[in-house]
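Subject: Structure handover

Hello,

Here is the structure I promised to pass on. Please open it first, then read my notes below with the model beside you.

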Amino acid sequence: MRAPTLTLLAFATSSLAFPEPRGHEYRAAGPFDSRSPCPGLNALANHGYLPRDGKNIDYEKINEAAKAAYKFVPGFYKDAVNMVFEFNISTTSQPNETFNLFDLARHDTIEVDGSLTRNDIYFGDDVHFDASVWAPVAKDLGLNHYHFSDRFVTVKTAAKATKNRLDLAKRINPEFNASMHQHQTEYGTTALYLLTMWDDDKNAAPKTWVKALLSEDRIPYKEGYQAKLAKTTERIIAMTEAVRAVVGWKP
């Protein structure tokens, strides 16, 4: 009876609903809200760390939101925000100071082909969650199977899932843009979601946390998410190198 008991315990634990921070309850985007191809940024807006409409965002708002929700150190998103202004892709009334989340969908500027949760622009929509894209990724990450002894996404599992997604995207998209920007970022985004959802006590990312973020654009507070250790540039570099090492990525 031990195995069934452990399975029930795992199910019960995964089903517990922890409270969300007051004022930062999850609310899905409405039809007139601005969202990006990035689940992590969308989640910040869905929880009210960024403006819930996803509009008129500046560096300070990103900086404060990422620190409060994910414990990223100040300046973590500076380069990404600077790219918005350098490439002149903002559509706000103050394009040198603010941007809307949807602006980040400009293809091969910040957004690239091979997303884990969005389709390529070739197929018409690179912004909204696509269940057909996500399904094989979720399967490769093992998110459809939860067991007491198999509750975490490891670096190895995540890297292989990303490689499978990229290989598939390159096969089915006749206009897959294997640009230098795409190549440099293809495993960096995997490292970013891993670090964002990393459980420092377990040295892995809980499956329930990863699933909530990537498939719902939701911070998994109900599943017990807590950001403990500060997330630094050094940590994202190390995570990116670890992910790349699994698949033998070459510059």
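Helices here are DSSP runs of H or I with at least four residues, numbered from the N terminus. A pocket is an open set of points on a 1 Å grid over the protein atoms alone, with protein on both sides within 12 Å along at least five of seven lines; lining residues have an atom within 4 Å of a point.

Before going on, two notes on the source. This is a predicted model, where local features need pLDDT of at least 70 and side-chain atom pairs count only at pLDDT 80 or more, while totals for chains, interfaces and linings use all residues. Residues are numbered from 1 along each chain as its sequence is written, and side-chain values use heavy atoms, leaving out hydrogens and water.

**Pocket and cavity**

The volume of the largest pocket is about 1,500 Å³. It has 50 lining residues, and Ala80, Thr185, Gly188, Thr189 and Leu192 are the closest to its centre. Volume means the space filled by probe spheres set on the grid points, which are joined across faces, edges and corners.

How many cavities of 30 Å³ or more does the structure hold? It holds 1. A cavity is a set of points where a 1.4 Å probe fits but cannot get out. The largest cavity has a volume of about 30 Å³. Its lining is made up of Arg27, Ala28, Ala29, Asp33, Arg35, Ala45, Asn46 and Arg52.

**The core**

Now the nonpolar core. The term means a set of buried Ala, Val, Leu, Ile, Met, Phe, Trp, Tyr and Cys residues joined through side-chain atoms within 4.5 Å. Buried is under 20% relative accessible area, exposed is over 50%, and partly exposed lies in between (1.4 Å probe, protein chains only).

The largest core has 55 residues, and Tyr70, Leu141, Tyr193 and Leu194 have the most contacts inside it. Helices that each give at least two residues include α3 (59-70), α5 (131-141), α6 (155-172) and α8 (188-196). The largest share, 6 residues, comes from α6.

Look at Tyr193. Setting aside neighbours within four places in sequence, Tyr193 is in contact (heavy atoms within 4.5 Å) with Leu116, Leu141, Val153, Ala158, Val210, Leu213 and Leu214.

**Helix α3**

Asp58 caps the N-terminal end of α3, with a side-chain oxygen 3.3 Å from the backbone nitrogen of Glu60. Just after the helix, Lys71 takes a positive phi of about 65°. The buried residues of α3 are Ile62, Asn63, Ala65, Ala66, Ala69 and Tyr70. Their cover includes α2, α4, α8 and α9.

Is Asp113 buried or exposed? It is buried, with a relative accessible area of 3%. A polar atom of the Asp113 side chain lies 2.8 Å from the backbone nitrogen of Asn177.

Thr109 is in the loop too. Thr109 is buried, at 12% relative accessible area.

At 7% relative accessibility, Thr98 counts as buried. Its side chain makes a polar contact of 2.7 Å with the side chain of Thr92. A polar contact is a pair of N or O atoms within 3.5 Å; within protein, one must be able to donate a hydrogen and the other to accept it, and residues adjacent in sequence count only if both atoms are side-chain atoms.

**Asp140**

Last stop: helix α5, where Asp140 is found. Asp140 counts as partly exposed, at 34% relative accessibility. A polar contact of 3.1 Å joins its side chain to that of Asn164.

Best wishes
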